[in-house]
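Let's take a look at how this protein holds its ligands. Have the structure open and follow along.

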Amino acid sequence: MKTLLVTGGAGFIGSNFVKESLRAFPDFKIVNLDALTYAGNLENLKDVEDHPQYVFIKGDITDAALVERLFEEHDIDYVVHFAAESHVDRSIEDPGIFVKTNIMGTQVLLDAAKAHWETGKDDLGYPTYREGVKYLQVSTDEVYGDLGKTGLFTEKTSLKPNSPYSASKTAADLLVRSYGKTFKLPINITRCSNNYGAYQFPEKLIPLMLSNVLDLKPLPIYGDGMQVRDWLHVKDHCIGIATVLLHGKDGEVYNIGGNNEKANIEIVDLILETVRKKLTEKKYSGIDTDPAKIDDSLKTYVEDRLGHDRRYAIDNTKITTELGFVPTYTFEEGIEETIEWYLNNQDWLDQVRSGDYQDYYEKMYSKK
Ligand code: NAD
Ligand code: TYD
């Protein structure tokens with residue numbers, strides 16, 4: 001039995017990863033450490049909360065004493081580090097928490113992993129570690145900055161982050177690299193493109209647009225809406241992470257992309273059209289939106305995001321050729337399934353939009 005520490009496992013990608021891992025790895029115990037910030041939600045994990053191989057711990061990754069204790073108590077073998085402040089717009093409003101959580105939190109985890117796994121020193125003075133351990137950092141393609149009309153990010157592309165969010169993720173990514181080089185800690189870094197799928201918090205493009213369409217609220221398109229993202233289904237991302245965790249070569253970085261470049265405006269158009277069609281064909285519990293009112297007049301061009309990256313696109317060659325990973329979802333299947341999930345999970349959407357969400361929305365969008 002191997003023990004895997006997942007941080008941020010109550011968030012969007014983390015909760016999908018916890019559930020996929022409990023299904024795929026019957027011989028793993030999973031310890032989920034999550035502070036339950038606005039983005040963390042135990043409802044995402046309802047299906048597995050009583051699973052005998054799953055433990056949830058509410059706590060902060062910057063709490064070094066807690067993290068060290070968890071390593072001891074659960075004798076952690078693997079770390080998959082998701083916990084982060086993850087939204088670019090919030091990082092423009094308040095960068096400080098991004099520095100604390102994303103950079104300092106990563107350092108706390110690295111130190112705990114190093115201390116717990118170290119077995120001695122080699123002839124050159126480098127630490128040695130017990131067999132079969134790995135620290136995996138979930139980074140982002142945003143560390144590369146943005147691309148012009150052509151080209152793709154490879155693992156060798158220089159790092160030029162543009163937002164406080166991506167700068168904090170870059171600092172964390174480089175800290176992980178440094179522990180691999182200076183201490184020979186067995187690490188991997190994955191850099192993935194924009195994820196979509198079930199359980200994504202409605203501050204991000206796809207669930208925010210879905211949520212607004214259902215309320216017949218304006219759809220806030222930043223700038224000209226021609227910014228391009230490379231969309232990766234969250235389940236494909238989880239498989240990519242597991243592949244790197246089990247088969248990645250120590251010290252290496254792997255890009256994970258979906259080969260699905262779309263302009264934001266295409267996504268908004270697709271959501272409008274799909275929701276209108278679905279609501280015309282079928283009644284969904286808890287939804288009484290009139291599909292006849294879902295039309296282009298909802299699209300609203302608003303002030304652009306500061307420092308807005310124009311285009312991201314990932315070259316998947318390394319993970320595909322070296323580890324045999326290929327994303328399985330086409331965007332058409334994935335977005336259809338995602339929209340259907342949101343239409344069938346109004347209770348979840350209502351729950352996450354209660355509380356602070358309305359204040360957040362007011363603050364961010366009333367001035368746009
Ligand atoms: P999310 O915002 O949905 O979830 C983040 C989780 O981390 C939440 O459960 C939150 O409670 C927890 N958390 C925050 N601060 C914490 C702290 N101090 N201690 C413990 N837990 C804390 O994020 P997500 O979209 O699931 O992203 C997960 C990871 O993947 C992040 O590291 C993000 O940078 C990276 N990533 C995300 C995307 C994407 O498209 N969503 C793309 C590339 C990389
Ligand atoms: P987002 O989901 O925040 O992810 P990221 O900034 O990490 O790529 O945004 C995706 C794209 O959608 C990005 O170009 C910004 C744009 N966007 C809007 O046009 N309107 C919105 O309300 C949001 C949240 C995003």
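A backbone N or O atom of Y222 sits 3.0 Å from an oxygen atom of ligand 2. That's in a predicted model, so keep that in mind throughout. Another backbone contact comes from P220, where a polar backbone atom is 2.7 Å from a nitrogen atom of ligand 2. How much of ligand 2 does the protein bury? On its own, ligand 2 would expose 510 Å², and the protein buries 97% of that.

Zooming out a bit, 19 residues surround ligand 2, and E142, P220, R229, R305 and H308 are the closest of them. Sorted by class, this shell holds 9 nonpolar, 5 polar and 5 charged residues. Helix α6 and strand β10 (219–222) each put at least two residues into the shell.

I206 lies in α6, which runs over residues 205–214. Is I206 buried or exposed? Its relative accessibility is 2%, and buried means under 20%, so I206 counts as buried. Setting aside neighbours within four places in sequence, I206 is in contact with Y196, W231, I267, I271 and I335. As for N195, it is 11 residues from I206 in sequence, with 9.7 Å between the two C-alpha atoms.

Now over to ligand 1. Around it are 28 residues, with D34, F82, S86, Y165 and K169 coming nearest. By class, that shell is made up of 13 nonpolar, 12 polar and 3 charged residues.

| Residue | Atom in the protein | Distance to an oxygen atom of ligand 1 |
|---|---|---|
| D34 | polar side-chain atom | 2.6 Å |
| I13 | polar backbone atom | 2.8 Å |
| L36 | backbone N or O atom | 3.4 Å |

Taken alone, ligand 1 exposes 840 Å², of which the protein buries 97%. Which elements give two or more residues to the shell around ligand 1? They are α1 (12–24), β7 (134–140) and α5 (164–182). The largest share, 3 residues, comes from β7.

How values were computed. Residues numbered from 1 in each chain as written. Chains lettered and ligands numbered in written order. Predicted model: local features only at pLDDT ≥ 70, side-chain atom pairs only at ≥ 80, totals over all residues. Heavy atoms only, no water. Near = heavy atom within 4 Å. Polar contact = N/O pair within 3.5 Å; in protein donor to acceptor, adjacent residues only side chain to side chain. Areas by Shrake-Rupley, 256 points an atom, 1.4 Å probe, with all protein chains shown as cover. Helix = DSSP H or I, 4+ residues; strand = E, 2+ residues; numbered from the N terminus. Nonpolar A, V, L, I, M, F, W, Y, C, P; charged D, E, K, R; others polar. Buried < 20%, exposed > 50% of the residue type's maximum accessible area, 1.4 Å probe, protein only. Contact = heavy atoms within 4.5 Å.
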